[in-house]
Amino acid sequence: MAMEAERKIQILADAAKYDVSCSSSGSRRRNSGGTGNACFAGICHSWADDGRCISLLKILQSNVCTYNCLYCVNRKDNDIPRASFSPRELAELTMNFYKRNYIEGLFLSSGVCGNADNAMEKMVETARILRQEMHFCGYIHMKAIPGANSALLDQAGFLADRISVNVELPSNHALALLAPDKTRESILKPMHYLENRRQEQGGGRKNPFIPAGQSTQMIIGASPENDRQIITLADSLYRRYALKRVYYSAYIPVVQDNRLPTLAAPPLWRENRLYQADWLLRFYGFQADELLDGSEGSFSPNYDPKIQWALNHLHLFPLEINKAPYEMLLRIPGVGVRSAKRILTARRAHSLSYEDLGKIGVVVKRARHFITCSGKYAGSHPLRQDILAQVLSNHRQDDNLLAAGPSQMSFDFHESFAAPDAPELSLHPSSGGQKFLSNDSATSVRGLGGTASLFSSLSVGMSRFDWNPIVNTLDTQYSVITGDI
């Protein structure tokens with residue numbers, strides 16, 4: 001029995017690692033006499049100075065699937081080991097992991113076993129047992145299965161802190177080619193229903209219906225859509241369905257099919273650029289059609305989207321730092337949300353110099369090409385696009401990023417964002433482990449494996465089995481990204 005449980009965990013945890021829409025900040029579910037807490041002591045709401053991280057159990061209810069999405073490791077035609085947890089088994093496993101301090105929350109997804117309603121019903125029942133029978137007050141992120149009955153979505157919304165419906169592919173053509181069992185309508189319909197129900201309950205973080213909101217995921221590189229199409233879709237989703245996050249996952253070839261692209265490596269630099277552009281949409285006041293116009297289809301591999309926008313709008317620069325309005329300060333490369341607010345406060349007392357900007361937190365080596373301080377320009381080159389593009393290029397940095405693998409994505413950040421509802425977590429699976437994207441300040445993060453390796457065995461029910469083989473499956477590697485773009 002112990003070996004069976006161990007094998008299920010290995011199979012279903014490994015099968016879940018390709019889903020990146022695993023975010024848990026924003027919940028306000030408090031402990032009211034039960035076990036766990038998704039608010040003050042819950043999942044990823046804070047990061048300690050010593051790098052301690054609160055971890056999620058990220059697992060599938062089942063990897064048995066009747067769908068045949070070509071990019072998915074769990075596709076129907078793929079010859080892999082299959083396993084399933086009953087709702088009670090998974091609920092007991094979650095509580096056992098929690099009581100041993102391995103986790104403080106659950107990220108639950110599933111293959112479509114039988115039909116969408118059947119798969120969704122089992123996940124809802126797992127959450128119901130945890131909440132109502134075991135009085136678990138920790139964080140639960142649940143995936144909604146496209147095509148599931150609205151009554152099941154309604155139950156899930158009151159049990160889970162966050163629900164995600166994955167878009168997966170950015171166009172109808174790509175869905176028809178690579179995920180023939182899914183349609184755009186079947187994906188957007190539950191998003192629309194969940195947002196309407198959330199608004200009916202009053203919205204906000206105290207809302208009992210998915211208090212941490214919705215998120216989604218798009219796979220980058222499995223289909224031919226360019227960055228402009230992808231970021232335009234993300235912008236639309238944020239506006240129409242009030243999504244908390246859109247996650248971008250570089251396509252990792254896990255199955256062979258002649259309809260899938262042949263890639264030497266996952267397009268990590270594209271994923272990185274899309275996350276940077278996403279930050280500009282959410283916190284910097286940009287719109288998708290500003291970042292990439294009709295003549296540009298993709299972001300540059302040489303510099304980030306904010307620099308790319310600035311180079312295309314040099315007629316707006318240099319800006320006088322002591323006079324520019326807040327909206328324009330945010331558009332200066334090297335100036336972020338927090339430093340822009342500090343500039344507004346500090347310049348009320350006196351005119352700011354380049355030295356003052358460095359103390360405030362501005363990345364002066366980048367910003368100096370686009371600003372003046374009291375009329376003085378400190379850029380080392382004239383405002384010519386070709387020269388500045390060469391100076392600001394970080395192509396070598398991106399080469400290092402790709403060579404190092406997916407353990408880190410760098411924005412060259414050094415301070416945290418100060419925006420409402422900003423904290424977010426992305427447990428970001430990729431070929432070499434998992435990546436973390438956050439706007440919370442920290443210096444280093446220790447994943448579940450660092451905690452789990454302290455233990456030599458784990459008890460599940462009345463049985464015991466060796467923990468070490470599972471460490472390889474559940475171990476995570478994180479990197480922290482904070483500061484100014």
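Predicted model: local features only at pLDDT ≥ 70, side-chain atom pairs only at ≥ 80, totals over all residues.
Q: Does N74 count as buried or exposed, and why?
A: N74 counts as buried because its relative accessibility is 8%, and the cut-off for buried is under 20%.

Q: OK, new topic: how many residues of strand 6 are buried?
A: Six of the six residues in strand 6 (residues 245–250) are buried, so the strand is largely enclosed by the rest of the structure.

Q: Which of them point which way?
A: R245, Y247 and S249 point one way from strand 6, while V246, Y248 and A250 point the other way, and all of them are buried. In a regular strand, side chains alternate between the two faces of the sheet.

Q: In what sense do strand 5 and strand 6 pair?
A: Strand 5 (residues 214–220) and strand 6 pair in the parallel sense, over six bridges, and I220 has A250 as its bridge partner in strand 6. Between these strands the chain crosses through helix 7 (residues 227–241), and this β-α-β crossover is right-handed.

Q: Last one: in the largest nonpolar core, which residues touch the most other members?
A: Of its 118 residues, Y71, M120, Y248, I321, I332, I343 and F370 touch the most other members. Helix 3 (residues 116–133) gives the most to this core, with eight residues.

Terms used:
Residues numbered from 1 in each chain as written. Heavy atoms only, no water. Buried < 20%, exposed > 50% of the residue type's maximum accessible area, 1.4 Å probe, protein only. Helix = DSSP H or I, 4+ residues; strand = E, 2+ residues; numbered from the N terminus. Pairing = 2+ DSSP bridges. Right-handed = clockwise from strand over helix to strand, strands pointing away. Core = buried A, V, L, I, M, F, W, Y, C linked by side-chain atoms within 4.5 Å.
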